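These are my notebook entries on a single structure. I set down what I looked up, entry by entry.

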Amino acid sequence: MAGLNPIIELEGVSKRYGDMLALDNVSLRIEKGEFVVIVGASGCGKSTTLNMIAGFDHPSEGLVKVEGRQVTEVSPNTGMVFQQYALFPWLSVLDNIAYGLKMKGMKRPSAAPLPSSLSTWSASRALKTPIPSNCLAV
């Protein structure tokens, strides 16, 4: 049974760029604790959908909500890791994610704990290992 308060919700979302229809009447509910993957061919609207959820873009029609509030702008609680061309392959996953915070002058505690969802040995090791070059090809 679907929860009453989804974390992310798209209601009848469409997006046009001029005459091009990028998304057509998309509805989606993501509940707390769900792990969701958006998969599709190049140009099918995956990035457009994520950009609207993050507040970087706005739907032509429909509503995008995060925690019950309509998304109208980028929230300071929003984070986004871009595709290959924006990654530093010589840095670890964790260092790539932290790069923006570091540039803002934020200091990382010397013993910053990993989130509990990433506390397994393999995830911890992956976060500290530079990104392999074969993972950069999309």
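Entry 1, aromatic pairs. I took two rings of Phe, Tyr or Trp (its six-membered ring) as a pair if their centres lie within 6.5 Å. The model is a predicted one. My search of the whole structure returned zero aromatic pairs. I then looked up charges over rings and found K15 over the face of Y17, at 5.1 Å from the ring centre.

Entry 2, the strand pair. I looked up how strand 1 and strand 2 are joined: they run antiparallel, with seven bridges between them.

I followed R29 to its polar partner and found a contact of 3.4 Å between the side chains of R29 and E31. E31 lies in the loop between strand 2 and helix 1. Is E31 buried or exposed? E31 counts as buried because its relative accessibility is 15%, and the cut-off for buried is under 20%.

Just after the helix, G55 takes a positive phi of about 90°.

I examined T49 of helix 1 by itself. T49 has a relative accessible area of 8%, so it is buried. Which residues does T49 touch, not counting residues up to four places away in sequence? T49 touches L10, L23 and I38.

I looked up the largest nonpolar core and found nine residues: I8, L10, V13, L23, I30, M52, I53, V64 and V71. Strand 1, strand 2 and helix 1 are the elements that give two or more residues to this core. Strand 1 gives the most, with three residues. For context, I recorded that nonpolar side chains tend to be buried together in soluble globular proteins.

I finally listed the contacts of V64, not counting residues up to four places away in sequence. Among them are the core members L10, V13, M52, I53 and V71. V64 also touches E9, P59, R69 and Q70.

Key
Residues are numbered from 1 along each chain as its sequence is written. This is a predicted model: local features need pLDDT of at least 70, side-chain atom pairs count only at pLDDT 80 or more; totals for chains, interfaces and linings use all residues. Side-chain values use heavy atoms; hydrogens and water are left out. Helices (H or I, at least four residues) and strands (E, at least two) are DSSP runs, numbered from the N terminus. Buried means under 20% relative accessible area, exposed over 50%, partly exposed in between (1.4 Å probe, protein chains only). Contact means heavy atoms within 4.5 Å. A polar contact is a pair of N or O atoms within 3.5 Å; within protein, one must be able to donate a hydrogen and the other to accept it, and residues adjacent in sequence count only if both atoms are side-chain atoms. Two strands pair if DSSP finds at least two bridges between them. Rings of Phe, Tyr and Trp (its six-membered ring) pair if their centres lie within 6.5 Å; planes under 30 degrees apart count as stacked, over 60 as edge-to-face and the rest as tilted. A charge sits over a ring if NZ of Lys or CZ of Arg is within 6 Å of the ring centre and within 35 degrees of the ring normal. A nonpolar core is a set of buried Ala, Val, Leu, Ile, Met, Phe, Trp, Tyr and Cys residues joined through side-chain atoms within 4.5 Å.
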